[in-house]
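Here is a brief report on a structure.

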Amino acid sequence: MNKRSTKQKKKDYELEKIRPQVIERDHKQCVLCGKPYQEIHHISYRSSSSLHQHALNNVCCLCWECHRLRVHGVESKAYRELLKKILNDRYGYEY
């Protein structure tokens with residue numbers, strides 16, 4: 001097994017450990033539109049070397065439409081900032 005696949009498995013494991021907390025915190029709803037969540041989104045890119053990429057303040061629940069069409073769309077930078085503001089207002093997270 002190569003190093004990359006081992007590193008990816010570790011990242012996936014770390015995300016799976018906090019997934020239930022994220023879902024509970026966000027009440028199984030998209031934080032942008034309130035629809036039932038379908039995906040977990042990383043606010044800071046997963047590829048970043050941040051030590052906190054799987055921290056509770058860096059992930060949130062989104063529906064498919066918000067995740068694919070809005071957050072990863074043309075205005076992705078603005079939506080990243082909006083998600084930070086929402087999580088800060090709701091839970092007091094600092095960025």
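Buried means under 20% relative accessible area, exposed over 50%, and partly exposed in between (1.4 Å probe, protein chains only). Helices (H or I, at least four residues) and strands (E, at least two) are DSSP runs, numbered from the N terminus.

In soluble globular proteins, nonpolar side chains tend to be buried together.

## Basis of the model

This is a predicted model: local features need pLDDT of at least 70, side-chain atom pairs count only at pLDDT 80 or more, and totals for chains, interfaces and linings use all residues. Residues are numbered from 1 along each chain as its sequence is written, and side-chain values use heavy atoms, with hydrogens and water left out.

## Ile43 and Asn58

Beyond its neighbours within four places in sequence, Ile43 is in contact (heavy atoms within 4.5 Å) with Asn57, Asn58, Arg80, Leu83, Lys84, Leu87 and Tyr95.

Asn58 sits in the loop between β1 (39-42) and β2 (59-62). Asn58 is buried, at 5% relative accessible area. A polar atom of its side chain lies 2.7 Å from the backbone nitrogen of Ser44.

## Salt bridges

The whole structure holds six salt bridges (a side-chain nitrogen of Lys or Arg within 4 Å of a carboxyl oxygen of Asp or Glu). Side chains of opposite charge can pair when their charged atoms come close.

Among them is Arg25 with Asp26, whose closest N and O atoms are 2.9 Å apart. Arg25 is buried at 11%. Asp26 is buried at 3%. Another joins Glu39 and Arg68 (3.4 Å, N to O). Glu39 lies in strand β1 and Arg68 in helix α2 (residues 64-71), so this pair ties together parts 29 residues apart in sequence. Glu39 is buried at 15%, whereas Arg68 is partly exposed at 42%. Lys85 and Asp89 also meet in a salt bridge (2.7 Å, N to O). These two are four residues apart in helix α3 (residues 76-91), about one helical turn. Lys85 is partly exposed at 48%, and Asp89 is exposed at 51%.

Notes
Polar contact = N/O pair within 3.5 Å; in protein donor to acceptor, adjacent residues only side chain to side chain.
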